[in-house]
Number of protein chains: 2
Amino acid sequence: MHHLQQFFKDELPVINDYLGRETRQLPELVRPVAEHVLRAGGKRLRPLLTILFSRCFSAGKKSPDPLPASRDIYPLACAMEFLHSATLLHDDILDGSDLRRGQTTAHLIFGRTETILAGDVLLALGNRLVAEYGDTRLSWRVADAIMRTASGEIQELEWIKNPTLSQEHYLEIITGKTAYLIQASCHCGALVSNSGPAVEQAALDFGINLGIAFQLTDDALDYSAKAEVAGKPVGNDLREGKLTLPLISYLESIAEHQRHETLAWIRDLGATSDHGVLSDQNRARHDQIIQAVRSTGCVQQTLDRAAHFVSLADNALSNLEQTRECTALREALHHTLHREK
Amino acid sequence: MHHLQQFFKDELPVINDYLGRETRQLPELVRPVAEHVLRAGGKRLRPLLTILFSRCFSAGKKSPDPLPASRDIYPLACAMEFLHSATLLHDDILDGSDLRRGQTTAHLIFGRTETILAGDVLLALGNRLVAEYGDTRLSWRVADAIMRTASGEIQELEWIKNPTLSQEHYLEIITGKTAYLIQASCHCGALVSNSGPAVEQAALDFGINLGIAFQLTDDALDYSAKAEVAGKPVGNDLREGKLTLPLISYLESIAEHQRHETLAWIRDLGATSDHGVLSDQNRARHDQIIQAVRSTGCVQQTLDRAAHFVSLADNALSNLEQTRECTALREALHHTLHREK
């Protein structure tokens, strides 16, 4: 993790500085909402991917073409974080979530109105920062990714109302709601540095597969004993009535009558859950399902699936010159798969 | 109104056809929401402005450069309607509005979740349609206008909480929430046809002044006896506790103690109004204020102010060749000022 850690150490202060400066210029009503979601936001994965890909180049080439001075990478990288934060703000309202990364969600602190508007402003700010590069390949990529992200959210909501056990449908949903914006973060880095079709293709393939692996790992951690030991609350998806891969695999493994009964109970739980507080009876059933998902190996199956997408992402880097940046991207893959919370 | 009517007759079916085709491709969960807001949307002012400005040219020039075949104007024009519709969907949630143009608002029919997401999808669709022109002047203009529109909404919400009597502040708010997107609709038409700096400047000046005049007229109509006769419900702004120019002018004209008392009552009404249903006592006071705003000439003062901005918009057209399109733009100004609902 040496290279990735070094990049974090070097880039994080610059990224956070830029995010802070732009946020301070927002209208007063939405500024605290934006600051709250950005503070809760953690690792700045998306900006870092944009920066790393802007410095990658094809194997055999001596060095990347330097960005023209007018093309400072940070506004573009930070636009990705603003767009991501905007989707989080709206999602938490839609899901009725109380917590995000252990913090109370923005709409409960600042109100729904302020949170919807803060999301709209951050979306527009992200689009404007991207448009300022004067390169419509970037604007188009971002608009398309946001549209696919919203469509993924929509599919997920439809699915919650009427869940089926299709693993394909599940993959389609997580690709939409998570992977396209991660892909766009990578691709925009490659586009802005004009590093040519090989790097662009690598960015597209790496980004989509990392995005899927990222969400699969997240969904596995929500059932994982290791995560529980590391202090991460588990069972959130189950309590919201969300079917994710560990649960789908488990349900596929049991007898039909038991499956129907369990599905009906989950649907009921999702519809009646009062801010995640369970009755004693529901709590016992909930804990029992989590144990069953673990003991039937369905958490590990999900992680194996994530490992498959990580290896696809890894392969995507093979045509790049194996620089420090490229190594850091590989380390990010490793980190995605092996994190404990 | 001959030219404007002809343009409406020719262009409206093409615009509506395009809007319908794009809408039918939206995800199932949000499609009915988009169809609802577009159906309620009326006159397609913004797309028409884009189309008209794309065909304007500087005085003395023989004709506009034709758009290249790849630059069909309709996706751009319709993007403006999608963006406008997106802001309406989110606004109605923020305002808690029950009605828009006499129709039940989307969030009451389809639910808040579906309406927020439909707004997000329409915003992203509008941005993507614009990005497909491969001209970042367009993407930047649209992102900036959306950001200013959201900022105007925010300022309005802050103002409702703590209203002052500043006419300047009021003008700033309506410029933000209404005029910038109308300006962008005009400017994008001029930009996409590469008609040069004179037409661009005309589009910017015409758009912003028409936008302000449009909102001023709207605010006047909400107190107008003529509108009431024409079947438009009046007093909506008052019932929501919104201070608009007719009321500001009226409050400035009365004695200080009376002003304080009336302001306190309005603030209270805005905070307690239950879906616009008033108690008998509040109803009497409400009717009394509307009558007072009318009889002190404050509706007419607001219309005079609108006429001032209409004349600025009219002047902006003086450097253009006086074609049918230019005449239609003037007729749109006349119509804005003299409509009765």
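**Symmetry.** I superposed the two chains and found that chain B can be laid on chain A with an RMSD of 0.0 Å, by a turn of 180° and a shift of 0.0 Å along the axis (least squares on the C-alpha atoms of residues with pLDDT of at least 70 in both copies). That is the relation of a two-fold axis. I noted that 100% of the contact residues of chain B recur in chain A, the same surface serving both copies. B:Thr136 is the residue of chain B that comes closest to the rotation axis, at 2.7 Å (C-alpha).

**Conventions.** The model is predicted: local features need pLDDT of at least 70 and side-chain atom pairs pLDDT 80 or more, while totals for chains, interfaces and linings use all residues. Residues are numbered from 1 along each chain as its sequence is written, chains are lettered from A in the order written, and side-chain values use heavy atoms, without hydrogens and water.

**Contact.** I looked up the contact (heavy atoms within 4.5 Å) and found 38 residues from chain B and 38 residues from chain A. The two chains bury about 3,400 Å² between them, 73% of it on carbon and sulfur atoms (accessible area lost on being put together, 1.4 Å probe, summed over both). B:Arg128, B:Met147 and B:Ile154 supply 18% of the area that chain B buries against chain A, more than any other three residues.

**Salt bridges.** I found 2 salt bridges between chain B and chain A (a side-chain nitrogen of Lys or Arg within 4 Å of a carboxyl oxygen of Asp or Glu). One of them joins B:Asp144 to A:Arg128, with the closest N and O atoms 2.8 Å apart.
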